Amino acid sequence: MPTPHELSAFLSDLMPRLGAIAKDGYENPGPVEWKERGQPVTAIDRRIETLAREAIHQAWPGHAIQGEEHGSTPGNAPTTWYIDPIDGTMNFARGLPFFSVSIGAWRHDRMIAGSVLDPLRNEHFHAAAGLGAHLNERPLQLKPGRVLRDANVSLQTSAGSRYLKTPGFMPALQRRVAKTRRMGSIALEMAYVAAGRMDLVVGGRSKPQDWWDIAGAWAVLEESGGAVLDLSGKNLSPDSSHLVAGEPGLAREFIDWFESHPA
Ligand code: IPD
Ligand code: CA
Ligand code: CA
C-alpha cells in the first residue's frame, strides 16, 4: 500500500501537467455547458479529469476514484481519490483569475494526501499525513490566537444549509466578524486559510459525494495545524453535513457562536 508520502509525490508530479491544461485553456475555454442550473462545465474540466484518472489508474489500478465530471470508479483498496479538475469553473469560464485544480486521497478515516494548484499564480499547496503542509517549498503552519471579531471568513452557503435556514444569520455574521468573502473556489479558499490569507471557511455542504470540492485542501489544512470540523465540533466525516475549517480555536469559537446566538 503506498504511503502518504508516495501519494503526495505522485501528485506533485501530476499537478503541473493538469495545471498546464487549465492555464492554456483559461484564455479560450470554449463553450460552457450547463450540467444543471448554476453548474457550468467546459471541455477543459473533462480533459483534466480524464488525464488525472488515467494517471491514478495506471499507478494504482485498485484505487477507487470519485471525480466531479466522470463519476465514480469503485476500487478494491482502502484508498479513494477525489478529483475536482477545476474548482471554480464559473470563474475559469468567465475570465476571473481565481480557480484551482484539486485532488485528495482518503484512506480509512482521513485525507492522507492532497494538492490544490493555482495554475495562474504557480502556487501549489500540498500535504501528506504526518509530513506537514507546504506552499511550493514553504512549510505552512497556522498560528493560534485569531478571534472571530478580527476574522476574514469565507462563506460557502448553499440552498438547504442551516446557515441560510437560520433567520438573520447573514447580517449577524457580518456584524460578528471582520470580513466575509466568497471568492469562487472553496478548495483555494481553504488552502488560503492554511497559508494565513483567510481565517475560516464555513460551508453548507460536505457529503462524501461532493468531497472533490474540499478533499485536496482538507489534507493541506489539517497538516498545517488546522481543523476541518462539522457543526457538532467533531472532525468532518462521511456523516457530516456542514463544514467549519480553520485554526482549531477559531473554528470552535464560530461553532459556539452559531449554536448559541445564530441570529
Ligand atoms: C464550486 C466552487 C465554489 C463553491 C460552489 C462549488 P465548481 O465548485 O467550489 O467555491 O461555492 O458550491 O460548486 O463547480 O466550480 O467545481
Ligand atoms: Ca468544485
Ligand atoms: Ca469542478
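Student: Which loop holds His108?
Tutor: This is a predicted model, where local features need pLDDT of at least 70 and side-chain atom pairs count only at pLDDT 80 or more, while totals for chains, interfaces and linings use all residues. Residues are numbered from 1 along each chain as its sequence is written. Strands are DSSP runs (E, at least two residues), numbered from the N terminus. On that count, His108 sits in the loop between β6 (100–107) and β7 (110–118).

Student: What is the phi of His108?
Tutor: Most residues other than glycine have a negative phi. His108 is not a glycine, yet its phi is positive, at about 60 degrees.

Student: Is His108 buried or exposed?
Tutor: Buried means under 20% relative accessible area, exposed over 50%, partly exposed in between (1.4 Å probe, protein chains only). His108 has 60% relative accessibility, so it counts as exposed.

Student: Where does Asn122 lie, and what is its relative accessible area?
Tutor: Asn122 is in the loop between β7 and β8 (123–128). Its phi is also positive, about 55 degrees, although Asn122 is not a glycine. Asn122 is exposed, and its relative accessible area is 54%.

Student: How far is the polar side-chain atom of Arg182 from an oxygen atom of ligand 1?
Tutor: A polar contact here is a pair of N or O atoms within 3.5 Å. Backbone atoms take part too: a polar one of Gly184 is 3.3 Å from an oxygen atom of ligand 1. For the polar side-chain atom of Arg182, the distance to an oxygen atom of ligand 1 is 2.7 Å.

Terms used
Chains are lettered from A and ligands numbered from 1 in the order in which they are written. Side-chain values use heavy atoms; hydrogens and water are left out. A polar contact is a pair of N or O atoms within 3.5 Å; within protein, one must be able to donate a hydrogen and the other to accept it, and residues adjacent in sequence count only if both atoms are side-chain atoms. Helices (H or I, at least four residues) and strands (E, at least two) are DSSP runs, numbered from the N terminus.
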